Amino acid sequence: LVVVPAPAAAPWTAIAFLADRTSLLDAAVRPAAARAESPPGTVMTVRDESGAVVAGDAALGDIAGRPLATMELGRSFPGLRATVVVADPEALAAGTRSSRRYWLFVLAGAALAVAAASVLAVRAVLREVRLARMKSDFVSNLSHELRTPLTSMRMFVETLQEGRVRDEAERKECIDVIAHETDRLSSLVDRVLTFASFAKGRAPIDLAPGDLADAARRAAALFRKRAESAGATLEVRVQGGVPEVRLDRDAVVQVILNLLDNAVKHAGHDGAKIRVTVAASEGGAAVSVDDDGPGVPERERELVFEEFYRGDDTLSRRTQGAGIGLALCRRIVLAHGGTVRAERSAGLGGASFRVWLPASARSAPGRDATARDTTSRDTTSRDAPARGGDRAEATS
């Protein structure tokens with residue numbers, strides 16, 4: 001121990017500790033060497049100026065071979081150096097391969113993560129672009145749908161105002177067309193307003209125990225004139241034992257009307273066959289609307305229920321519609337706790353839209369036997385307006 005006195009004005013005192021080399025080796029170097037870890041297949045030793053091993057395994061340290069690494073311990077331990085040599089080349093090679101594989105897996109995982117994030121980002125961007133395009137199409141289609149009945153009404157009103165009708169029968173025809181177009185415009189506005197209410201979370205649904213078969217018959221009766229003008233045959237079948245379900249009758253009637261109008265517009269030919277079937281199903285009741293048209297492609301059977309979606313095929317683009325009919329149907333059905341899906345019609349070969357509603361708590365077997373209601377055929381234009389939804393999706 002050496003104490004160096006400080007000057008009188010200095011606030012410090014220098015103290016130095018002196019230790020012999022053997023004590024330093026025993027107290028610091030050898031314990032540190034024992035705790036040090038080296039790669040598998042290698043040995044680390046500490047050597048003095050003559051090359052003798054002073055710390056580490058002397059037997060292994062004497063293995064001849066080129067040192068992997070050598071490091072001077074510095075001024076605190078003059079003349080000492082740490083050396084790492086190969087003791088087992090196979091173990092070292094295996095450890096190197098293992099380390100290489102580990103980092104390759106790490107890099108591969110990072111690359112996959114980056115690729116997955118890129119794919120998700122691209123999908124999100126594409127979805128936003130597609131949604132923006134569908135909204136633009138929706139505005140365009142809705143504008144067209146509103147303009148068409150307004151133009152027709154204005155033309156016939158001007159005809160009546162200017163007295164260009166030849167007789168009373170022609171006057172009555174003009175008035176009938178105006179009334180028809182008024183109903184069509186009112187139906188479209190109601191459908192858009194109802195859709196907006198659902199989109200804002202204000203679902204105007206009042207559930208109560210009711211008869212799904214009665215709602216189906218009511219919708220078919222309202223749709224009869226539209227089916228006749230389109231030259232379509234509408235058939236209603238109600239199987240026995242249909243349980244009572246919880247429903248909002250007017251809302252369910254609107255759903256079935258949407259599906260019926262959908263079927264007429266997309267059947268693609270005069271004399272189309274449309275079938276409405278009501279039956280008990282899986283703890284509730286289901287109503288299916290089938291047609292003999294081209295059907296819905298399997299890849300689009302989920303997309304057709306998205307807002308503003310319209311398919312890319314020619315038939316879908318020719319048909320009228322704003323692209324919210326099936327989206328509105330799904331929102332109404334979900335508000336009832338039910339499900340709706342599109343599939344291939346087993347009986348008619350075209351599209352089949354099936355709506356399922358859960359049975360009510362006081363459900364009882366239905367008293368209706370199988371019933372059938374077929375409309376007469378007509379050869380008038382398929383473009384005649386009617387209340388109901390529009391199939392906003394493609395058919396195959």
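This is a predicted model: local features need pLDDT of at least 70, side-chain atom pairs count only at pLDDT 80 or more; totals for chains, interfaces and linings use all residues.
Helix H6 (residues 249-267) and helix H8 (residues 325-335) pack against each other at an angle of about 150 degrees, and their axes lie 10 Å apart. Because angles over 145 degrees count as roughly antiparallel, H6 is to be described as roughly antiparallel to H8. The crossing in which H6 passes H8 is left-handed. From H6 the contact draws on Ala-251, Val-255, Asn-258, Leu-259 and Asn-262, while H8 contributes Gly-325, Leu-326, Leu-328, Cys-329, Ile-332 and Val-333.

**Helix H8 and its end**

Within H8, the buried residues are Gly-325, Leu-326, Ala-327, Leu-328, Cys-329, Ile-332 and Val-333. Just after this helix, Gly-337 adopts a positive phi of about 80 degrees.

| Residue | Relative accessible area | Class |
|---|---|---|
| Cys-174 | 4% | buried |
| Ala-286 | 6% | buried |

As for cysteine pairing, the number of disulfides in the model comes to 0.

**The surroundings of Ala-286**

Ala-286 belongs to strand S11, which spans residues 284-291, and with a relative accessible area of 6% this alanine is buried. Leaving aside residues up to four places away in sequence, Ala-286 touches Leu-212, Thr-277, Val-278, Ala-279, Ser-281, Arg-354, Val-355 and Trp-356. A further relation concerns Thr-339, which is 53 residues from Ala-286 in sequence, with a C-alpha to C-alpha distance of 9.3 Å between the two.

**The protein as a whole**

The secondary structure consists of 8 helices and 13 strands, and of the 396 residues of the protein, 39% count as buried. Among contacts with a separation of 6 or more, 74% are accounted for by residues 24 or more positions apart. The contact of H6 (residues 249-267) with H8 (residues 325-335) and the contacts that Ala-286 makes with residues including Leu-212 and Trp-356 can be examined against this background.

Technical notes. Residues are numbered from 1 along each chain as its sequence is written. Side-chain values use heavy atoms; hydrogens and water are left out. Helices (H or I, at least four residues) and strands (E, at least two) are DSSP runs, numbered from the N terminus. Buried means under 20% relative accessible area, exposed over 50%, partly exposed in between (1.4 Å probe, protein chains only). Contact means heavy atoms within 4.5 Å. Axes are lines fitted to C-alpha atoms, for helices over the stretch in contact, and angles run from 0 to 180 degrees between N-to-C directions. Angles under 35 degrees count as roughly parallel, over 145 as roughly antiparallel, 65 to 115 as roughly perpendicular and the rest as oblique. A crossing is left-handed if the near helix is turned anticlockwise from the far one by less than a right angle, and right-handed if clockwise. A disulfide is a pair of cysteine sulfur atoms within 2.5 Å.
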